[in-house]
Amino acid sequence: MTPPRERCQARTRKGDRCRNPAGPDGLCALHRRQLKEVAAADSAKPTVRRGAKRGAPEPHRVVPSTPEPHRAIPDAPEPQPVIPGPQSPGTAEPQSVIPGPPIREGSPTAEEEAPVVHTSPDETPRDEPDLGPLEPVLAWAEEALEFLGRRVLGEYQVDEFGHDPDLVEHVLAPLLRPLYRHWWRVETRGLEHVPSTGPALVVGNHAGTLPFDALMVALALLDEHPAHRSLRMLAADLAFDLPVVAHLARKSGNTLACAEDATRLLEAGELVGVWPEGYKGLGKPYRERYQLQRFGRGGFVEIALRTGAPIVPVAVVGSEEIYPMLANLRRLARLLGFPYFPVTPTFPALGPLGAIPLPSKWLIEFCPPIDTASLGPEAAMDPMTLFDLTDQVRDTIQQTVHRNLLARRSVFG
Amino acid sequence: MGRRVLVTGAARSTGRRLVAALAEEPEVELVVAVDEQEPAEPLPDKVKRLAVDLRSPALIRTVQSAGIDTCAHLGVTAEPRAAGGRASMKERNVLGTMQLLATAYHAPELRRLVLKSTTAVYGATAADPAVWTESMPHETPRHGFGKDAIEVEDYVRSFERRRPDVAVTVLRLANQVGPNVDNPLTRYFELPVCPTVLGFDPRLQFLHEEDTAEVLLRTILGPAPDGTFNVAGDGVVLLSQAIRIAGKAPLPIPEPLVNRVAELVGRTVDFSPEQVRFLQYGRVAATSAAREQLGFIPKWSSLQAFEDFAATRLRKLVTEEQVARLERDALGLLRRAAEWVAREVPR
C-alpha cells in the first residue's frame with residue numbers, strides 16, 4: 001500500500017503551502033534544513049530578532065499541526081513545550097513551532113533535530129528598492145535554486161513506484177506545458193467526470209507514433225483538474241528498458257502495464273491511466289486515423305471490477321495528426337527491437353527535424369464515468385460482462401471521437 | 001529447559017549481532033555459533049563456537065548432543081570473491097544448506113528453522129511488477145546469489161514437507177545497511193565515485209542492521225508463523241538519491257560497457273553479475289505480510305536506514321552546509337544584480 005503522501009507543513013515565502021512531500025516529522029527536507037540553519041543562527045545570536053520586512057526574505061512559517069510521533073518508536077517523546085516566537089507584523093497566523101521531530105535512539109542527529117523556534121533570519125535590514133518586474137524573476141530563481149539544492153542533496157521522496165512529484169512539478173511539467181498550451185492548444189472538456197479523490201481508471205484512445213496523447217491527458221489532469229490529480233499510467237515494458245526513458249517513466253508516475261501494479265495503484269486510491277490499444281493504436285497508419293483498434297483483451301475492465309474503481313473513458317482528438325505515419329518499416333523495426341518504425345512526410349527524410357510534431361489542434365474530452373462497483377467483484381469472473389463492458393468503453397470513446405471530429409473546423413484550426 | 005539455538009554464518013556481521021543478542025536473552029540456554037572464520041570479538045559464555053564447514057560431520061554430532069531446538073541459517077553468502085570464487089560460493093551456499101538440512105532431519109528436538117534469504121530471489125528485469133509480494137511468480141535469476149538463494153529456499157521447502165513438526169520461516173531481506181554492515185552494496189557506496197547504468201535510476205529498499213537483528217530474534221524466539229516474508233524498511237530510495245545522500249558523484253556508464261566496468265569494480269566490491277542488473281532495474285518488495293502475520297514493523301525506513309549508514313560510514317564530498325551556502329550566495333548575488341538593474345535602468 002502506498003501511504004497517503006503527506007505534504008510539508010511549512011509555508012513558502014509567498015505564503016503558499018509548501019508542496020514538497022513531508023518526512024516523518026511533517027516537514028520537507030528543505031524546510032528541515034532551513035530550520036536547522038535558523039536554529040544554529042539563533043543559538044549564536046539569540047537576542048537579535050526582527051519582524052519580516054517587505055521584500056526582505058520572510059521566514060518560512062510553519063503552521064501548527066497535530067504532531068505525529070514517529071510510528072516506529074513507541075516511546076517517542078511528546079513534542080517539546082513551545083517557545084513562543086515573535087509575532088510577525090501583519091500576520092494573523094501565529095509564528096509557530098515545529099512539532100517535535102522523532103528522536104531516534106542512537107541517531108547521530110538527535111541533538112540537531114531538537115525542536116526549534118522559527119524566527120526571521122537575522123539579517124541587517126536594507127533599504128529594499130522596488131524591484132518591479134524583476135521580482136517574479138527573482139522568485140523564480142530562488143525556487144529553481146532551492147530545487148537544485150534538493151536534487152544535489154537527494155532531499156526528495158518518491159513513492160514505492162518511483163513517482164517523484166518534485167521532479168514532475170519543477171522539470172517535466174514545465175517542459176510539456178508549452179506543447180500543451182501553445183503548440184497543440186489543447187482544449188479539455190468534461191473534467192468534472194474525473195473524481196477528485198479515490199481511485200478511477202481513465203481509459204483512452206492511443207495514436208500518434210509517440211505517446212504524446214497520454215502525456216497531454218496526464219498534464220490536463222495535473223494542471224486543469226481542480227484536485228490537480230497525478231495520472232498514474234500503465235506503460236509497456238519497452239518503456240522500462242530504454243535508457244533515460246526508463247528513468248523518466250517511473251519518476252513521472254508510470255508503471256508497468258500488469259494486473260498487479262494496476263491493482264495496487266487503484267487500491268491505494270490513485271488515478272490510473274490505461275491505453276488498451278497499445279502499440280496497435282500508436283503505430284497505425286495515417287489512413288486508419290481515428291479508427292479505434294482492438295482493446296487488448298479487456299484486462300483493464302477486470303481490474304476495475306475487482307477494485308470497484310469507476311472507468312472514465314477519455315477521447316483525444318488531434319493526436320493522430322502530429323506524426324502522420326505513411327509507412328512502417330517492419331524489418332528495420334525488428335532489427336532495432338522497436339514495435340514499429342514510422343515513415344512520416346518529414347521523418348526520417350529531414351532527420352532530427354522530422355521529429356518535430358505537427359501543430360494540430362487538440363481536444364480532450366472526458367466522458368461520464370462507468371460505474372463498476374455496483375456490479376461487484378464477482379462480475380470479474382464472467383467473461384461476457386468483461387466483453388460487454390470493454391465494448392461499451394470502446395464505443396463511448398469512438399463515438400466521442402467522431403462527434404468531436406465533426407465539430408472540428410480544421411486539423412490545425 | 002531454555003532454548004538451544006544453532007546459528008550458521010555466525011562470524012559475519014549479521015551473525016555476530018544475532019549471536020550477541022541471543023546470548024543476552026534469559027530464555028536462551030545455549031547458542032552454537034557455526035562459522036569457519038574466527039569471530040572478531042570474544043564470544044559470551046552461553047555461546048559455543050563450532051569452527052567447521054557446514055559439510056563437516058562434526059555438525060551433526062554437536063546438533064544431536066546439544067539438543068538443538070532452533071536452527072537459524074544465515075550462512076548463504078553473496079560474495080563470490082570472499083568465498084573463494086563463484087564455484088566455491090555455490091558449493092558453500094547450496095551444498096552447505098543441503099548438509100545442514102540433512103543434519104536437521106536427524107535432530108529429533110528441532111522445532112523451528114529460520115532461513116535468512118533475500119529479495120534477490122525476485123531477480124531484476126524491466127518487465128518486473130513495481131512491487132513484489134511473496135506469492136507472485138517470478139522469473140528465476142539465472143546466476144549468482146539470487147539463483148543460490150532460490151535453490152536454498154527450494155531445499156528448505158522440501159525439508160518442510162519431510163519434517164512437518166518443524167516450523168519453517170523464510171525471511172527475504174532487502175539490502176542491509178548500517179554502521180557495521182559490510183556487504184557488496186555498502187562497499188559500492190564507499191567507492192569514490194559510484195558507477196551507474198546511464199539512463200536508469202532504480203528503486204532500492206534498505207533494511208537497517210538493527211531491524212535485521214530484531215526480525216531474526218523475533219522469528220527465533222517469538223511466536224513464528226510458518227511462511228515466507230519480505231522484510232524491508234518502509235518506502236524506497238532511488239539510486240541517484242542514495243548516491244547524493246552518500247555525498248558521492250555518480251559515474252554513468254553506457255549500457256554496452258556496463259559489464260566491463262562491473263568486472264573491474266567487482267574486484268573491489270565483490271559484485272556478482274546479477275547485482276549489476278539490480279543496479280539497473282532495482283527491486284521493491286511489499287512488506288505487508290511481515291507486518292500483519294509476523295507483527296514486525298521496521299524501526300527504520302529505507303531512507304532513514306540509508307541516511308544512518310551514510311552519516312556513520314561515509315565521508316561526503318558535498319555537504320548540506322556547502323549547498324546551503326552556495327544557494328544563499330547565488331541568491332544574494334542575484335538579488336544584488338536585480339537591485340542594481342532596478343536602480344540603474346530607467347523605466
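Student: Which strands of chain B does helix α2 (residues 58-66) lie across?

Tutor: Helix α2 of chain B lies across β1 (3-8), β2 and β3 of chain B, at about 180 degrees to β2(B). Angles run from 0 to 180 degrees between N-to-C directions, with axes fitted to C-alpha atoms, for helices over the stretch in contact. Helices (H or I, at least four residues) and strands (E, at least two) are DSSP runs numbered from the N terminus. This is a predicted model, in which local features need pLDDT of at least 70 and side-chain atom pairs count only at pLDDT 80 or more, while totals for chains, interfaces and linings use all residues. Residues are numbered from 1 along each chain as its sequence is written, with chains lettered from A and ligands numbered from 1 in the order in which they are written.

Student: And how many bridges join β2 and β3 of chain B?

Tutor: Four, in the parallel sense; strands pair if DSSP finds at least two bridges between them.

Student: What is the strand order of the open sheet?

Tutor: The seven strands run β3-β2-β1-β4-β5-β6-β11 in chain B, with parallel pairing. Both β3 (47-50) and β11 (227-231) of chain B are edge strands with a single partner each, so one side of each lacks a neighbour in the sheet.

Student: Changing topic, how many residues does each chain give to the contact?

Tutor: Chain A gives 39 residues and chain B gives 40, where contact means that C-beta atoms, placed from the backbone, lie within 7 Å.

Student: Which element has the largest share on the side of chain A?

Tutor: That is α2(A), with nine residues.

Technical notes. Two residues are in contact if their C-beta atoms, placed from the backbone, lie within 7 Å.
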